Every structure is written in C-alpha cells, then in structure tokens.
Amino acid sequence: MAEHNDKHTRSAVPSINGREHMVAPEVAVAFLRSTMPFKELDEQTLAGLARHCKIDFFPKGTRIFTYNQTEITHLYLIQRGGVRAFITDDDGDIVLKDYRGVGANIGALGIIRGTKANLNIETIEDTFCYLIPRDIFKNLVLTVSSVSHYYLKIFSDNIVATAYTELRKNKLARRNSEELFLFNTKAGELSKPLYSVSATTSIQECGAIMARQSIGSLLVYMDEDPGAMIGIITDTDFRRKVIAEGRDYREPVASIMSSPLKTIPSDMLCFDVLLKMMTTSIHHLGVEQGGRVTGVITSHDIMVQQGNSPYYLFKEIASQKEFDGLYMLAEKVSGLVRNIINEGAKAEDISRMIALINEKILARILVLLHYQLGPSPVKYSWLMFGSEGRHEQTFKTDQDNGIVFQDPEPGRRQEVIDYFSTFGELATHHLVKCGYPSCPDNVMASNPKWCRPLSEWMQQFSHWITQADPQEQFNSAIFFDFRNGFGTEQIAMDLRDHVVGMCSGENTIVKNLARSCLRVPAPLSFFQQFVVEQNGDQRDRLDIKRRGLAPFVDFARVMSLKYCIRQTNTLSRLKRLRIKMKLADDFYNQMIEVYDLQMQLRVIHQLGQIENGEEPDDFIYPDQLTDLEKRMLKDGFSVIDTLQQLLRKEIQEL
Amino acid sequence: MGWISDKLSRLRQADDLIAANNRYFRELDRSRRLVDYSYVVYDTELTGLNQKKDEIISIGAVRIRDMRIDLGETFHYYVRPRNLEHTRATLIHRITPEQLKAAPPLEEVLPLFLRFIETDLLVGHYVWIDTSFLNRATRKFYRGTIANPNLDTMRMAQVYKRSPLYPYQGASRLDENGYNLQRLSAELNLPFFEAHDALEDALQTAYLFIFLVKKLGTVGIHTISELFKAGKKIDWTVMKTGIA
C-alpha cells in the first residue's frame with residue numbers, strides 16, 4: 001500500500017475502543033501536575049496538555065538558547081538536570097543570571113512577549129526537558145488565570161532581581177509596618193517646603209542658597225510666572241555639570257537645570273512614588289497640588305521614614321544612662337539589621353554592622369560600670385574571642401570574652417584582681433541581660449581563668465603554642481582570634497606581638513590545627529544528593545556554620561599562624577594570605593564569594609527565625625532553598641574541597 | 001458468506017502490509033544519521049518466555065521523531081490471550097484478568113500496531129525477545145515477518161559503558177543486572193518512575209534511547225552502521241545467557 005512509503009499521509013493512530021489507547025502515559029501527566037504553574041490545571045486539561053508534549057534530551061554542556069538568535073518554538077520544562085542562564089556583556093565576559101533546576105521552565109518570557117531568546121541557556125548537567133509547543137502554552141497563559149498570574153509575578157520580580165535581591169525577597173517577608181507605611185502615606189505628607197529661584201539667578205548664588213538652607217535641591221521658575229516651576233537643580237548637577245565641566249559660576253542657573261520638572265500629584269502613595277523613582281532613575285520629584293508645585297520629595301525622604309537607621313540607634317546607645325534602657329535598645333538590633341539587608345547590604349557589611357552595634361553596647365555597659373565602680377586601677381583591654389574576635393557575629397551569639405590587664409605592682413596585686421573580678425562579673429551579667437547568652441564553656445571575663453594580667457596571658461599562649469597536646473590546642477583555637485573590644489588597645493596588641501613571635505617557626509600547632517580542619521570533609525556528596533534527589537528524603541539539614549563556614553574560618557586562622565598574620569577577621573586574613581600564599585586570583589575571588597554567600601544565607605536564615613519568635617540556629621533545610629541557592633552552595637563546597645587540598649599541601653611541607 | 005470474504009480481504013491486506021514493509025526496508029539507507037530516522041520504542045508484556053506456549057498480553061509503544069519523544073503518538077493495548085485460563089496463573093501483577101477478558105485478540109491488535117510502527121525503526125530493551133514474539137504472530141497471521149531494523153537499548157548501553165563517556169570503566173562489565181532497565185535508568189540518572197504498564201516501560205526505554213543516541217553522538221557514533229560496528233566488539237553470548 002502506498003501509505004507505507006509516504007510519511008506525510010500517516011493516518012491518525014488507529015483505535016478500537018475510542019481514545020483510551022492514545023492517552024499519554026500517566027507518569028507524564030503526573031510530572032506536569034507536579035510543576036508550577038501547571039499544577040493548578042484540572043485533570044482533563046493536564047491530560048490534554050501531556051498529549052502535546054515532546055521530551056528532549058540535552059547532554060551536559062549543550063547550548064539550548066542563544067541570546068537574540070533562537071526563535072522560541074517551545075516552552076522547556078526541566079524534568080531532570082539543570083541549566084544556567086547567562087548573558088555575555090560588551091567586554092565578552094559572561095554574566096551569570098541564574099541557575100534553573102528540576103521543575104523550572106525556560107522560554108516563557110520570550111513566548112509571551114513574542115521575542116527571541118533573551119538569555120543564553122546552557123545545560124550544566126545531562127538534562128531532560130518536556131517541550132510544550134509555543135501556541136499551546138500561549139493559549140494557557142491567555143485562558144487560565146492562575147497560569148497568567150504566575151508568569152506576571154515571575155516577570156515583575158525578575159525586573160529587579162539579582163542573585164542577592166532574590167535571596168532577600170525569598171527569605172524575608174516584609175514587615176507589616178513597612179508595607180503599611182508605604183501604602184498609607186501620601187507624597188504630600190512627606191514633601192519638603194519649596195525653595196525656588198529665578199532662571200536668571202547665577203549658579204554661584206544658587207549654591208549659596210542651598211548651602212545656607214541646607215537643602216539638596218532648588219526649583220527654578222521664569223520671571224514671567226514665578227508660580228510655574230520649569231526645572232530643578234540638585235547637588236548632583238553641581239558635581240556633574242559645574243565642577244566636572246569647569247563651567248563659569250556666573251552663568252544663569254537655567255544652563256544647568258534639569259527641565260522640565262517631573263512631578264507627581266500630592267495624593268500619590270509613597271509606594272508608587274518609590275516605584276516611579278526606581279523606574280525613571282529620577283530621585284527628585286516635584287509634588288503638585290491644585291495645578292501648582294508645592295514641594296519636593298526625594299527617595300531619601302521616603303527611606304528615612306522607613307525605620308530605625310543605624311545612626312539613630314548608635315546615638316541612643318551612647319546616651320543611655322541606665323542599664324534598663326540599654327537592655328531595651330539591644331532588642332532593636334534585629335530590626336536594624338533587617339533594614340540594612342533590605343537596602344542590599346552584603347553579609348560582610350551586615351556582620352560588621354552587628355559587630356559595631358555590639359561594641360557600642362559593650363562600651364556603654366563598661367562605661368556605666370566605671371561610673372559605678374570607679375575607674376580601673378590599671379590599664380586593661382576587654383578581649384573578645386571567637387566570632388566576636390573575628391568581627392563575624394550574626395545575631396545574638398554566646399559571649400566569648402576575657403580581660404587582660406597591666407601587671408600590677410606587687411603590693412597592689414590583690415586589689416587589682418578584686419576590681420576586675422567584680423567588673424567582669426557585672427559586665428557579663430549585663431551582657432546577658434542585653435541578649436548575649438553566657439558561654440557554655442565559661443569563656444567569660446567573670447571566670448578568673450580568663451581575667452588575668454598580661455604576663456599570665458602570655459604564658460598561657462606560650463603553653464598552647466609549644467606545650468599543649470593536640471586536643472588542648474584544638475580547644476584553644478578561638479582564643480587565637482582575640483581582639484580588643486574596649487579599653488586600652490595597646491595591651492591587646494602587646495599580646496598579639498607575643499603570639500606572632502611565639503608562632504614563627506613553631507610548626508606543631510599549625511600542623512595540629514590543620515589536621516583538625518581536615519577532619520571535617522567538604523560536604524560535597526551531601527549536596528549532590530540534595531540537588532539531584534528532588535523527590536528524595538529531604539529531612540537532611542545542613543549545619544552551615546560547621547560544614548560551610550568553619551572550613552574557611554579554620555583555614556584562615558591556621559594559615560595566619562603559619563604566616564604570622566595579625567588580623568583576626570577571616571576576610572582580612574584571606575586578603576593577606578592571598579599575597580603570602582600566592583593564591584590564584586580566580587580562586588581567591590571564588591573563595592570570597594562563596595564565604596560571603598554562606599554568611600548571607602546564615603544571616604537571613606537567622607533573621608527569619610528571630611522574626612518568627614524562634615531561637616536562631618545554623619541549620620539550613622534544603623527544601624527551603626531556591627534552586628539558585630542550592631546551586632551556589634553546591635559550587636561553593638567544591639571550593640572547600642580545594643581549600644582543604646591546599647591545607648594538606650601546606651602541612652606536608654612542614 | 002460475508003464474513004468469509006471479509007476475513008479473506010483482511011488477510012490479503014495483511015499480506016500486502018508485510019510485503020510493502022519488506023520492500024521498503026530492502027532499500028533502507030543505513031548511512032543516514034540516527035537522529036534523522038523516526039523510531040517506535042515498544043515493549044510487550046508476555047505470559048512467559050516460552051516461545052511455544054506463551055503469549056503477548058499487552059503492547060505499549062511511543063514514537064520518537066527528530067530524536068524527541070512524542071507523547072501525542074503513543075500506542076497501548078491489552079491483548080486477550082487464547083488460553084485465558086492458563087494465563088491466569090502466570091499473570092503479571094499489574095494486569096487484571098478482567099482487563100484481559102475485555103481486550104481484543106492479537107489478530108485485531110496486530111494490524112493496528114503494524115500500522116502504528118509503519119516504516120519507523122523499532123527500539124526496545126532486550127528487543128529480540130519482543131521481536132521474536134511479534135514475528136511469531138506475523139508469521140501466523142500474515143505468513144511473513146516485518147523487516148524494520150531493531151535497535152536494542154541494552155546493546156547500546158553496553159556500547160556506552162565501554163565508551164570513554166562512561167565514568168566507571170570496567171566496573172560492571174559482566175554484571176548482567178547492570179543492564180536491567182530500572183537499574184540502568186537509575187545509574188544513568190534518567191527520569192525514573194515505577195512503570196505501571198507496557199506503555200510506561202516503553203517510555204522509560206525511550207528516555208534511555210534518546211540519552212544513548214545523543215551521548216554516543218558525542219563520541220563519533222552517528223549512523224546505524226557505526227552503531228552496529230561499535231556493538232560488534234561486544235560478546236553477545238553474555239547477553240543471551242544473562243536473560244534466562
């Protein structure tokens with residue numbers, strides 16, 4: 001029969017008892033049912049959709065889409081494997097946009113907007129995809145509201161999304177009051193009174209007015225109609241148009257103003273105002289009422305209203321006269337941290353900020369104690385150990401502190417010891433009240449063992465470095481991160497000199513500490529499992545402090561001992577080590593990025609817990625991470641592996 | 001009278017079908033690239049492996065075109081065996097006797113299946129077993145066998161495991177269990193599911209097939225001839241003894 005030789009006349013699949021012999025396999029329907037946004041579809045639509053799907057396979061490293069070239073004929077739904085999305089910038093550098101894993105889809109934006117691929121897509125694992133034809137998908141978006149809503153949300157999120165904003169958004173629900181503020185306040189309520197000048201006023205005179213009134217902008221009118229604002233000048237204009245261009249100060253202001261003035265109605269909600277500023281990149285807007293410009297509003301005006309600024313909290317802490325007042329202020333730390341996270345701070349900035357606040361609180365406690373107990377009989381340094389010593393606390397971490405004081409004259413020894421004993425006791429008590437729990441190992445200034453004169457501290461370190469057994473050396477590791485938290489910094493520096501001097505050429509402690517680092521292997525397999533086994537048991541959790549961050553911290557500490565580095569902050573140590581160990585630029589940068597990402601994840605995780613009224617901990621659950629985060633962490637763990645190999649090599653040479 | 005001529009014409013038509021099929025494949029160009037053919041990946045369920053006594057009780061198949069599995073082109077039938085009583089004892093758990101009782105007999109399903117596969121190449125896991133049962137049926141009903149070339153994903157997996165692509169060289173060379181469809185799918189990290197019927201087994205095989213074709217393409221195996229040549233280096237006796 002002719003039809004056997006002619007592919008194009010293939011008849012439809014024959015059937016005896018109706019259509020049940022042509023249905024898509026149930027597993028295919030089940031897969032779609034498990035995938036956003038298709039899980040919202042009814043069973044009949046799902047079964048019909050499955051019949052339109054094709055399944056394709058792309059070996060690792062296959063380019064699926066090429067930016068601005070690929071015509072998108074299908075929506076790709078990842079069933080197995082993963083892809084990375086990236087663009088290549090003008091310099092030819094690859095800019096990674098994101099990773100997508102099982103259940104994610106590719107090509108939706110292009111199909112909906114009818115454009116070619118807007119990103120390069122490449123498989124990073126062997127990848128199987130369900131392909132839904134373009135028109136079928138488009139029809140779903142047009143007819144099923146849950147599907148269209150899903151993509152609407154994704155795209156509006158994507159407009160402002162970078163890796164870090166995604167982290168922030170996913171992990172932190174915005175606090176109600178912030179939302180309420182933005183949605184309840186109208187632009188008119190925040191606008192600043194109007195300062196305006198004639199367009200013929202000289203640039204210099206305008207500058208003088210702005211300086212005199214302490215304002216950042218001036219509106220400009222024509223002499224014919226002083227009520228109608230035709231333009232605006234801001235601080236930026238002075239920088240860009242006057243100084244940078246070497247303009248004559250006597251020119252009229254009209255030559256540098258931005259015109260026309262962009263305005264908003266005074267009853268516009270702050271949220272919409274912010275949105276407008278973000279989309280237009282214009283941060284000074286005229287506020288209009290009854291057809292007249294009545295004031296100016298800036299993004300700064302709105303931001304300032306949004307919550308406690310660090311500056312405000314610092315001032316409050318420093319002016320507290322009572323311990324009770326301090327306790328209350330300490331509670332505001334998490335709110336402040338939320339703010340700076342929302343403003344885009346990286347983990348390093350966040351922990352520095354927390355360290356700074358903690359220091360302010362400590363300083364105030366100790367100052368108030370000196371009011372109470374009288375000045376200290378000799379100079380001293382309040383030492384901080386462990387994460388505090390490294391400037392790396394996140395939220396309320398246990399106290400790890402001590403006091404080192406100048407060796408007293410023999411006759412005053414007991415008196416001095418008694419003073420610091422009471423001082424340490426009270427200080428740690430107030431710190432507990434401010435939310436810094438006692439150290440379970442009793443490493444605190446209230447413990448006579450850690451409240452001693454300089455000579456004894458020196459002996460203690462000498463003992464750890466040259467005589468202690470490996471276990472004792474391991475236990476002493478956090479002491480090597482000491483820094484001055486309050487008091488006379490020189491005493492802490494003398495102690496550091498002693499430690500650095502003792503360590504040079506002394507290999508046992510380096511070897512022993514390195515070995516203990518190597519005992520905790522990089523959690524590579526753990527992550528492979530949880531990236532790949534989407535449906536598997538996900539109760540496994542990751543101790544991000546011990547498995548993710550500690551390898552970096554320990555590496556930096558032990559290598560700093562070896563290379564006589566005085567810094568205690570891990571990033572500062574790594575920066576020094578980069579030179580001393582001649583680390584490759586790529587590797588160093590990767591190391592910093594991974595460390596920062598993990599700090600960030602930890603901070604955000606803990607902030608979320610605090611706001612839910614839970615105790616902060618270090619356990620990250622894979623199912624709470626986005627694909628992107630999993631991917632980044634997984635990549636990060638291979639860095640840890642490299643780090644450990646490096647460490648192994650370093651101690652072999654000893 | 002009517003039913004006799006009806007049956008005769010059906011037989012005639014069937015014979016034509018086989019003849020056309022054989023004619024087509026005499027001229028098949030085996031130097032075309034694997035990705036340019038269309039395939040039907042299929043699986044049968046049998047009452048047992050005895051060629052004389054046992055029977056096909058279901059056929060599931062899915063088409064691959066442009067090296068993509070087409071979920072719109074599937075085939076799935078249960079087949080009523082002649083000896084339903086005998087079958088009852090040996091039934092595989094996933095088919096009920098009621099399903100079989102309601103199913104059409106093989107002489108009705110077979111032409112539908114032959115039309116479905118048309119001139120596509122056949123693919124299966126341990127496909128020679130399915131093909132031998134299929135050919136027994138075509139010989140009986142149409143006095144001939146179909147000539148569609150068969151590709152065995154099990155053999156292809158052996159080729160793959162001997163290629164530089166396979167990360168565990170030599171590890172499971174003679175371990176026949178390593179070629180069990182489920183194990184292989186898990187090992188190669190393919191989409192994996194518990195198959196409920198012959199259609200889902202065919203789908204699982206199809207995943208394996210497109211994986212293997214594309215992977216082998218990266219080490220220079222592009223045509224049927226190249227694939228068979230690479231397969232010749234394999235000791236097939238291992239395969240035959242392993243299955244029994």
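**Close-up views of a predicted two-chain model**

**View 1. Helix α21 of chain A on a sheet.** Helix α21 (residues 489-503) of chain A lies across β16, β17 and β19 of chain A, and its direction runs at about 65° to that of β16(A). Helices (H or I, at least four residues) and strands (E, at least two) are DSSP runs, numbered from the N terminus, while angles run from 0 to 180 degrees between N-to-C directions, with axes fitted as lines to C-alpha atoms, for helices over the stretch in contact. This is a predicted model, in which local features need pLDDT of at least 70 and side-chain atom pairs count only at pLDDT 80 or more, whereas totals for chains, interfaces and linings use all residues. Residues are numbered from 1 along each chain as its sequence is written, and chains are lettered from A, with ligands numbered from 1, in the order in which they are written.

**View 2. The four-stranded sheet of chain A.** The sheet is open and mixed in its pairing, with its four strands in the order β18-β17-β16-β19; two strands pair if DSSP finds at least two bridges between them. Because β18 (451-453) and β19 (483-487) of chain A stand at the edges with a single partner strand each, one side of each has no neighbour in the sheet. Direction ignored, neighbouring strands of this sheet are turned by 30° against each other on average. Strand β16 (residues 380-384) of chain A pairs with β19(A) in the antiparallel sense over four bridges, and A:Trp382 stands opposite A:Phe486 in β19(A).

**View 3. Helices α24 and α25 of chain A.** The axes of α24 (residues 544-562) and α25 (residues 570-580) of chain A come within 9 Å and cross at roughly 55°. The two helices are therefore oblique to each other, a word kept for angles that are not under 35 degrees (roughly parallel), over 145 (roughly antiparallel) or 65 to 115 (roughly perpendicular). Among the residues that meet here are A:Phe552 and A:Met559 in α24(A), and A:Arg573 and A:Leu577 in α25(A); residues are in contact if their C-beta atoms, placed from the backbone, lie within 7 Å.

**View 4. Where chain B touches chain A.** The contact takes 36 residues from chain B and 29 residues from chain A. On the side of chain B that touches chain A, β3(B) gives the most, with ten residues. Strand β1 (residues 54-58) of chain A is joined to β3(B) by two bridges, and these strands run antiparallel; the bridge partner of A:Ile55 in β3(B) is B:Ile69.

How values were computed
Contact = placed C-beta atoms within 7 Å.
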